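Visitor: I would like to go through this model feature by feature. Please give the general idea of each before the case at hand.

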Amino acid sequence: MAKWEQDVITYRRDLHQIPELGFQETKTSQYLLDTLQQLGLDPVQIADTGVMADIEGNRPGKTIAIRADIDGLPLEEDTGLPFRSQHQGVMHACGHDGHMAIVLALASRLQATRDFPGRVRVFFQPAEERPPGGAPKMIEAGCLDGVDEVLGLHLWASDPVGTVAIRSGPFMANADQFTIRVKGKGGHGSEPADTKDAVLIASMIVMNLQTIVSRRLNAFDTAVVSCGTIRAGATFNIIAETAEITGTVRTLSKIVQDKVIQEIEHIAKTTAALYGAEATVSYQYGYPAVINHQPSVERLERSVTGLVDILHPDPAMGGEDFAYYLQKQPGTFFFLGCRPEGESFPHHSPHFQINEKALPLGVEVLYRGAMSFLHEN
């Protein structure tokens, strides 16, 4: 067994114990810097807690960049693992510890031989979990300078080990947020006729928003409109004067995104007006859609044929700030199956675990993907 195959597990378990939130990843960043230096590389710290290092091949060629995200989530871990989080209230519950371990082990493998043309840049990005994310800062700091292609992966606990899920074009969604504020007229709960009930109006708005996807978009357009919170009222016998609704919108194209925004505005305002109230809408753009480049996808698929089973799923409606890198350079983002043996829990669960057998496979997939690009004429 090669040293990197043993080390990838150690890296993952070390990093799993020190999760930190976005732009607070000081221990994580130091671990990455120390490990890369021990490999004989010259890493630099960028974008606050980000880290970047270049592995030079033994002859001239192109440059490919490979990204890992490094932040954890605000969760108290409940896995019972012997290497569970040592940071109270923070957990690697999305696989970022595995992403870092895979890319560190890849750097170790490449640095051991350096028998390839060109350059492989590895970079470790803070703050993926929460918009505005760390990708724009990393790009501003130069992580893509001189780069010809960029690769990224995400461990995916719903897919079995030995699979890579990938597709050309839209792969993950625009991930946006909205807030609707309703202004009515409050009053006593025994005299509703003298009020404009903000709770009732907000409820009607929530119901009517569900008609956007079912009745206002083309049947072949893809979108999600979900309301996550309603906040209103102070006590049981007072009719609320104001209410606030928050929610998320997921789309795969700018045209559909614009249409959904227009419909949210129209529905909120006209529904409120129907009951003699007012509504205002605040819309916040989140991460753009992840759009994979077809030549990059096809090349990666060819390089791993026979190593893994290749899946071509429908686009995932989650968001990812890897999208910003693909707006700047050609590249590919894919899911690596890591379903654990036994019970599987979803990402962002306090019980989330991965199957560590996926980690060396992730190194091999990225290695083949990088080599196939660098050796292509």
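Predicted model: local features only at pLDDT ≥ 70, side-chain atom pairs only at ≥ 80, totals over all residues.

Guide: Residues are numbered from 1 along each chain as its sequence is written, and side-chain values use heavy atoms, with hydrogens and water left out.

Visitor: How many residues line the largest pocket, and which lie nearest its centre?

Guide: A pocket is an open set of points on a 1 Å grid over the protein atoms alone, with protein on both sides within 12 Å along at least five of seven lines; lining residues have an atom within 4 Å of a point. Here 24 residues line the largest pocket, and Glu129, Ala175, Arg250, Gly319 and His348 lie nearest its centre. Its space is about 580 Å³. Strands S5 (149–156), S8 (174–183), S12 (242–251) and S13 (278–287) each give two or more residues to this lining, strands being DSSP runs of E of at least two residues and helices runs of H or I of at least four. S13 gives the most, with four residues.

Visitor: What is the volume of the second largest pocket?

Guide: The second largest pocket has a volume of about 240 Å³. Its lining has 13 residues, with Leu21, Gly22, Pro74, Glu129 and Arg130 nearest the centre.

Visitor: How many salt bridges does a search of the whole structure find?

Guide: A salt bridge is a side-chain nitrogen of Lys or Arg within 4 Å of a carboxyl oxygen of Asp or Glu. The search finds 24. One of them joins Arg231 and Glu244 at 3.6 Å, N to O. Arg231 is in strand S10 (residues 223–232) and Glu244 in strand S12, so this pair ties together parts 13 residues apart in sequence. Glu364 and Arg368 form another, with their closest N and O atoms 2.8 Å apart; they are four residues apart in helix H10 (residues 358–374), about one helical turn. Arg12, Arg13, Asp97 and Glu356 are linked in a network of salt bridges.

Terms used
1 Å grid on protein atoms, 1.4 Å probe; cavity = no way out; pocket = protein on both sides within 12 Å on 5 of 7 lines; lining within 4 Å. Points joined across faces, edges and corners; volume = space filled by probe spheres on them.
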